[in-house]
Structures are given as C-alpha cells and as structure tokens.
Amino acid sequence: MKTIIKNGTVVTASDTFKADVLIEDGKVSLIGQNLPSEGAEVIDAAGMLLMPGGIDPHTHLDMPFGGTTTTDDFYTGQTAAAFGGTTCHVDFALQQKGQTLKQGVEMWQEKAEGKTIIDYGFHVAITDPTEASINEIPSLVDIGVSSLKVFQAYKGAFMVDDTALYKAMEKARDADIMLMTHSENGDAIALLTEQLVAAGKLDPGYHLDAHPREIEGEASARAIALSAVTGAKLYIVHMSCSDSIAQMALGRDRGYNVMGETCTQYMFKFEEDMRVPGYEGAKWACGPPVRTPEDAEFIWESLRNTTLQTVATDHCSFNYEGGVDGKLPGKELGKDGWHKIPNGIPGIEDRMPVMYHNGVNSGKISLNRFVAITSTNAAKAMGMYPQKGTIAIGSDADIVVWDPNKEHTISAKTHHMNVDYNAYEGMQVKGMPVRTIIRGTTVVDNGKLCVEKGFGKYVNRKNPVIV
Ligand SMILES: [Zn+2]
C-alpha cells in the first residue's frame with residue numbers, strides 16, 4: 001500500500017522545504033522532489049503545509065472525578081482530536097487505592113479498547129505509594145510506559161508526600177522513566193479550602209483564592225530541587241504562571257534535568273473570567289487555575305525562549321449544564337460550593353488551530369517552533385521519537401495536511417468534543433487541518449471521519465528525553 005503526498009511544503013521542528021512524501025506500509029519511505037507516483041494513491045497538497053501530527057501529552061478521557069466522569073470517552077475525545085490535527089496523545093491512567101500500577105494501566109486499556117481513533121499511550125499516576133507500588137515502578141517499561149505522574153496536590157485523593165515523591169524519583173531515575181509532577185502545595189490548598197468554605201465563600205471565583213500562584217511556584221521549586229538531588233528526569237505539567245515558570249528557568253540554567261509543559265487555556269482564560277457574577281466562572285475551574293493576561297504573555301515568551309517546551313490541553317471535559325437529559329453530572333455539581341466543581345477544561349480539538357493562529361500568524365512563534373511545541377518535543381519527552389513527532393524516513397506517517405488560509409470560527413455548536421461549551425467560543429482562526437493522516441491512513445478528510453472505532457494503536461514508549 002503506497003501513498004504519495006505531492007506539491008506540499010514539509011515543516012518539521014527544524015526545517016521548511018517543498019517536497020513530495022512517499023508513504024509505504026504506514027511509514028514515510030522517501031522524501032524528495034518530483035517523486036514518481038506510479039502505483040500510489042496521490043494526495044495533492046499544493047498550497048498546503050505538511051506537518052507532523054499533533055501530540056497532546058496531557059489528557060483525561062473517561063476519567064472519574066468528583067462524583068462524576070468526564071464526558072469525552074476514548075471515541076469522542078480521540079475523534080475530536082483527529083478533527084483538530086492531533087494524531088497521538090498520552091492519557092493518565094490513575095492507580096486506584098489498593099491497586100498495583102499495572103492494574104491502573106489495564107483499567108485504562110479497557111476504557112480505550114475498541115473505541116480508539118488516534119494513537120495513544122498512558123502515563124501512570126501513583127496515588128497509593130506503598131512500598132510495593134514504589135518497587136513496581138521499574139517494571140512499567142515492560143508495558144511501554146515511560147512516564148510516571150506524582151501529584152503534589154489533591155490532598156486526600158491523589159496527593160503523595162515528599163518521601164514518596166523522593167523515592168519515586170529514585171526509581172524513575174534508575175529505570176529511565178520521566179517523572180511528572182502536578183506542582184501545587186496540596187496542604188496549603190486543603191487548609192485554604194477549609195477556611196474559605198467555613199467563611200461561606202462559595203462562588204466559583206473563590207477557587208482562585210484557594211490556589212494562589214505562590215504555592216505553585218513553591219511546589220515547582222521543591223520538585224525541581226528533588227530532581228536535582230536524585231538525578232531524576234522531571235517534567236512539570238500544566239505550568240500556569242510566572243512564579244513557577246521562573247523556577248523552571250532557574251533549574252534549566254543550572255543544568256538540571258527538568259522541563260515544563262503549559263496548556264492552551266492559560267494563554268486565553270483569566271481570573272477575570274472566573275470572577276464573573278453567577279455561576280459561569282465554573283467553566284474555567286481547573287488546577288492550577290487560570291491566571292492573568294501578564295502570565296499569558298510570560299508563557300508566550302517562555303515558549304519562544306525554550307523555558308517551556310510543550311503545549312498540552314489537560315483536556316478534561318464536564319458539561320456546564322450536566323445531570324439533565326441523560327447527561328453526566330458536570331459543573332453544576334458545584335452550584336452550592338466552588339470546592340465541588342469538577343475541575344477541568346475541554347480543548348483536545350482546538351489546541352493546534354488556536355496555537356497556530358495566535359502563535360504563528362501573530363508572529364509570536366515561528367512555524368518550526370509551533371511544530372516543536374505541539375508535536376516533536378512531546379514525542380521526545382514521552383519516549384516516542386522518532387517513531388512519532390517528525391516527518392522523516394522511517395517514521396510513522398502521522399501527517400497533518402494544513403491549509404494556512406482556511407478560516408474557521410470555533411464554537412461548541414460545531415466542535416466534535418462531547419461537551420456543551422468551548423473555551424475558545426467565537427474565536428476566528430486562520431489555518432486549519434484539512435486532512436489528518438495516521439500511519440499512512442487518512443483518518444479525517446475535509447470534515448469527514450474515515451476510519452472505524454478501534455483504528456488507533458497503543459504506542460510502546462521508552463527512553464524519554466529532556467528537551
Ligand atoms: Zn491533568
């Protein structure tokens with residue numbers, strides 16, 4: 001089975017050039033000019049950019065949280081991803097109390113089974129750090145898991161203490177696993193929450209007061225210091241503000257093995273969006289919370305100057321008006337108290353167009369930097385490179401055919417995510433994927449899904465790299 005993409009402009013994290021791309025058996029086999037097309041299906045990409053498919057390193061599909069479950073399962077979430085030009089993601093398998101880490105992964109494998117549209121992997125989140133769980137960490141590489149998540153927040157649910165974090169880092173270092181942290185001080189959040197609720201401060205805006213920026217900075221600095229001492233590779237997820245990102249810059253200046261991720265929403269949603277009268281602010285409750293426009297500018301600059309190396313979504317979808325018409329309970333669970341709002345913002349479909357339009361079109365980042373932060377760097381950090389994350393001979397033919405002139409208005413009315421609101425509602429973007437190709441097969445073509453459930457494959461990951 002041969003396919004040739006002709007007349008396009010190939011864009012990787014380092015180069016931009018006009019070339020034809022030949023795909024054989026799901027892999028890129030030749031890149032060159034005026035390649036013969038005999039016996040191959042021909043895709044004409046004149047005027048189009050050919051970029052490596054997007055990789056979202058941080059998503060939560062079919063995840064139980066706060067008495068409900070995220071609305072997007074593996075089918076709807078991955079379908080939406082494909083429409084937005086994302087061809088691979090890494091989701092979080094959460095160990096349940098009393099489970100082994102491997103059982104956590106198996107539980108999430110079952111959720112994905114038979115529903116997949118794009119390729120995927122799993123990080124494991126250690127939430128029950130018994131000696132047995134800690135000792136199990138090195139064996140994760142045998143099941144293709146090269147990243148381990150530790151929560152420094154969510155006390156009483158997912159949080160582990162510094163002893164467990166330190167021990168997990170030692171094991172991760174020895175087994176060459178990327179240690180990921182959610183860095184906020186969970187003890188402080190728990191105390192602040194208790195005080196705010198006791199004082200009757202229950203509107204959605206108080207979520208911000210329980211998650212001050214300083215404690216994200218503090219927990220990030222703590223994780224970076226422990227990584228420096230243990231020598232573990234550290235990837236801090238969803239960095240939201242200058243307090244934490246400045247710590248990342250300092251750690252990288254000192255030569256530590258540390259890198260940082262941000263998420264699209266931190267550049268577009270702000271504290272003022274949560275402090276509106278009424279309940280609307282609940283839509284933007286997530287941890288760490290949305291911050292300020294000044295933080296957004298700091299994030300753009302940090303993406304440009306390589307302090308931050310990946311942009312994820314932390315896609316975690318709950319309906320604004322759930323619990324009616326057979327819909328899962330959603331954000332309305334927190335109507336009588338912000339602390340009961342299920343945390344999360346949807347975005348798996350919009351990350352690529354939003355970052356392209358606001359980053360590349362505005363001149364904030366180059367086209368090659370766009371590819372680096374939306375695909376290549378995630379592939380490297382998550383142990384999938386060069387199978388994923390680039391267009392090169394021998395790599396999986398995960399290619400997004402991108403029309404730089406196509407205009408689109410983002411809206412919940414037309415998106416493919418299974419959720420009743422959109423963080424970028426009304427945003428007019430220029431530059432959209434028109435065809436999404438995974439392992440040489442067209443998955444979405446001009447607004448039409450072209451594969452059956454179960455097409456997406458599990459990716460075995462190993463040897464993560466600090467970028
Ligand atoms: Zn998350």
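Modeller: We shall go through the sheet, the helices on it, and then some backbone details.

Modeller: This is a predicted model, in which local features need pLDDT of at least 70 and side-chain atom pairs count only at pLDDT 80 or more, while totals for chains, interfaces and linings use all residues. Residues are numbered from 1 along each chain as its sequence is written.

Colleague: Which strands make up the open sheet, and in what order?

Modeller: Strands of a sheet pair through backbone hydrogen bonds, either parallel or antiparallel. Strands (E, at least two residues) and helices (H or I, at least four) are DSSP runs, numbered from the N terminus, and two strands pair if DSSP finds at least two bridges between them. Here the open sheet has 8 strands in the order β6-β9-β10-β11-β12-β13-β14-β15, with parallel pairing.

Colleague: Why is one side of β6 and of β15 left without a neighbour in the sheet?

Modeller: β6 (54–59) and β15 (308–312) stand at the edges and each has a single partner strand, so one side of each lacks a neighbour in the sheet. From one strand to the next, the twist averages 30°, where axes are lines fitted to C-alpha atoms, for helices over the stretch in contact, and angles run from 0 to 180 degrees between N-to-C directions.

Colleague: Which helix lies across β11 and β12?

Modeller: Contact means that the C-beta atoms of two residues, placed from the backbone, lie within 7 Å. Helix α4 (residues 162–175) lies across β11 and β12 (178–182), and runs at about 170° to β11. Helix α8 (residues 242–253) also packs on the sheet, where it touches β13 (234–236), β14 (258–263) and β15, and its direction makes about 155° with that of β14.

Colleague: Where is D314 found, and is this residue buried or exposed?

Modeller: A residue is buried if 20 or more other C-beta atoms, placed from the backbone, lie within 10 Å of its own, exposed if 12 or fewer, and partly exposed in between. D314 is found in the loop between β15 and α11 (351–361), and is buried, with 28 other C-beta atoms within 10 Å. N34, in the loop between β3 (27–32) and β4 (41–44), is exposed, with 9 other C-beta atoms within 10 Å. D314 has a positive phi of about 55° although it is not a glycine, and N34 likewise has a positive phi of about 55° without being a glycine.
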